[in-house]
Amino acid sequence: MAEGKAAHGWAARDASGHLSPFNFSRRVPRDGDVTIKVLFCGLCYTDLHVIKNEWGNAMYPLVPGHEIVGVVTGVGPGVTKFKAGDTVGVGYFVDSCRSCESCGKGYESYCPQLVQTSNGVDLLDGATTQGGFSDVLVVSQHYVVRVPESLPPDGAAPLLCAGITVFSPMVQYGLNAPGKHLGVVGLGGLGHLGVKFGKAFGMTVTVISTSPSKREEALDRLGADAFLVSSDPEQIKAAASTMDGIIDTVSAEHPVAALLELLKPMGQMVVVGLPAKPLEVPAFSLVGGGKRVAGSGGGGIGECQAMLDFAAEHRIAADVEVVGMDYVNTAIQRLERNDVRYRFVVDVAGSKLGGAA
Ligand code: NAP
Ligand code: ZN
Ligand code: ZN
């Protein structure tokens, strides 16, 4: 069998989640594949759940990273969307069946055969996929998006997962209408982009947080209209029945009943955070006001491109702390402690990667 391209990255080897240099190889490009030199890759809380095997599905060695901005270095036969030199993005998945109802409607992220960018299984050769904390990717052009030139490549990287994950349900559930009131629960990587998109859509945005220390930044820097501390029943009561929709980005177990109180009758809560343990949703919190709870996972490729174009138009990028790969284990610990404003992004191209040959 032909050898693929040598790749150098950092991988977790076990549920400690500690990353260390790792050499592997990318597949031989297929028709329609583009080869991408990775520039920047964001650190999403999903990476942390997965490398620590919190969801019980980790396949080690595991190179995380699915908020990738890079530059096309090679295009194979059949590539029509991109050429060498293009700045591009890759998000949470790199393939899907392309024939199911979800794929047909542009909701690829709901394809039952979705292939995740990292810790996924390739549909053709069964190989484990490895993510963006590595120097090179080989991906079908259909799962690659164009990153508008006006966006900074480091601040754009988190848009590829965090950005689309909040943008997609906002559009899907009509939480993108001027004058409507949106609540964003959890001011982290996903949440701070929820605030930015909400304001760009002309909405009133309230942050619901466990961290009083984030109040000033939320209001002054991110442009939120109000800030509630979720553990303070008085603050929650004062804002009861005021919100058209809520996006819940929290990564850990947390009480939901108080959040549902914030919704207007027939209001919509969308869960995007993925705590390993089930959330408790009391029937009484839903039934009285005819309230609705939905989930949302990522977004389709077309939606992702629309999100990037919207972000460029409205000058939306993530607030990032750019670090070298040699800092990644510290970044993981800090993300776990809720000590990041608001996304770590690894300068992959500027880092030493891979192990001794
Ligand atoms: P993050 O940057 O850590 O943000 C999560 C925020 O939740 C924190 O900043 C914190 O905000 C709040 N929080 C943390 N622990 C909490 C607790 N015990 N109780 C209440 N609030 C808490 O993480 P992220 O990268 O945005 O990811 C958030 C979640 O979304 C993760 O579970 C991730 O796996 C999931 N995710 C889902 C999708 C999808 O497709 N649905 C895509 C990407 C990520 P405050 O300090 O403001 O309280
Ligand atoms: Zn993610
Ligand atoms: Zn499909």
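In the predicted model, a salt bridge joins the side chains of Asp339 and Arg337, at 3.7 Å from N to O. A salt bridge here is a side-chain nitrogen of Lys or Arg within 4 Å of a carboxyl oxygen of Asp or Glu. Asp339 also meets Arg334 in a salt bridge, at 3.0 Å from N to O. Arg337 is exposed, with a relative accessible area of 54%. Asp339 is partly exposed, at 30%. Arg334 is buried, at 13%. Buried means under 20% relative accessible area, exposed means over 50%, and partly exposed lies in between (1.4 Å probe, protein chains only).

This is a predicted model, in which local features need pLDDT of at least 70 and side-chain atom pairs count only at pLDDT 80 or more, while totals for chains, interfaces and linings use all residues. Residues are numbered from 1 along each chain as its sequence is written, chains are lettered from A and ligands numbered from 1 in the order in which they are written, and side-chain values use heavy atoms, with hydrogens and water left out.

A search of the whole structure finds 19 salt bridges. One of them pairs the side chains of Lys264 and Asp244, at 3.1 Å from N to O. Lys264 lies in strand β14 (residues 263–271) and Asp244 in strand β13 (residues 243–248), so the pair ties together parts that are 20 residues apart in sequence. Helices (H or I, at least four residues) and strands (E, at least two) are DSSP runs, numbered from the N terminus. Lys264 is partly exposed, at 32% relative accessibility. Asp244 is buried, at 19%. Elsewhere, Arg27, Arg30, Asp33, Asp122 and Asp125 are linked in a network of salt bridges.

The zinc ion (ligand 2) has three named protein donors: Cys44 through SG, His66 through NE2 and Cys161 through SG. Donors are N, O and S atoms within 2.8 Å of the metal (3.2 Å for Na, K and Ca); water is not among the atoms, so sites may look incomplete. In sequence, the donor residues are spaced C-x21-H-x94-C. His66 and Cys161 link distant parts of the chain, 95 residues apart. His66 sits in the loop between α1 (45–51) and β4 (68–75). Cys161 sits in the loop between α3 (153–156) and α4 (162–172). His66 is buried, at 2% relative accessibility. Cys161 is also buried, at 8%.

The protein chain is divided into domain 1 (5–152 + 318–347) and domain 2 (162–295). These bounds come from an automatic or database domain assignment. The domain centres, taken over C-alpha atoms, are separated by 28 Å. Twelve residues from domain 1 and 19 residues from domain 2 take part in the contact. Contact means heavy atoms within 4.5 Å.

The largest nonpolar core has 90 residues. Such a core is a set of buried Ala, Val, Leu, Ile, Met, Phe, Trp, Tyr and Cys residues joined through side-chain atoms within 4.5 Å. Phe133, Leu159 and Phe197 have the most contacts inside this core. Helix α10 (residues 301–313) gives the most to the core, with seven residues. Domain 1 and domain 2 both give residues to the core, so it lies between them. Leaving aside neighbours within four places in sequence, Leu159 is in contact with Leu151, Ile164, Leu193, Phe197, Met307, Leu308, Ala311 and Ile316. A second, separate core has 15 residues, including Val185, Ile208, Leu262 and Met269.

Two strand pairings were examined. Strand β1 (residues 6–12) has five of its seven residues buried, so β1 is largely enclosed by the rest of the structure. β1 pairs with strand β2 (residues 19–25) in the antiparallel sense, over seven bridges. Strands pair if DSSP finds at least two bridges between them. Trp10 has Pro21 of β2 as its bridge partner. β1 and β2 form a hairpin with six residues between them. Gly17, in the turn, has a positive phi of about 75°.

Strand β8 (residues 136–140) is mostly covered, with five of its five residues buried. Val136, Val138 and Ser140 are buried on one side, and Leu137 and Val139 on the other. Strand β3 (residues 33–42) pairs with β8 in the antiparallel sense, over five bridges. Within this pairing, Lys37 has Val136 of β8 as its bridge partner.
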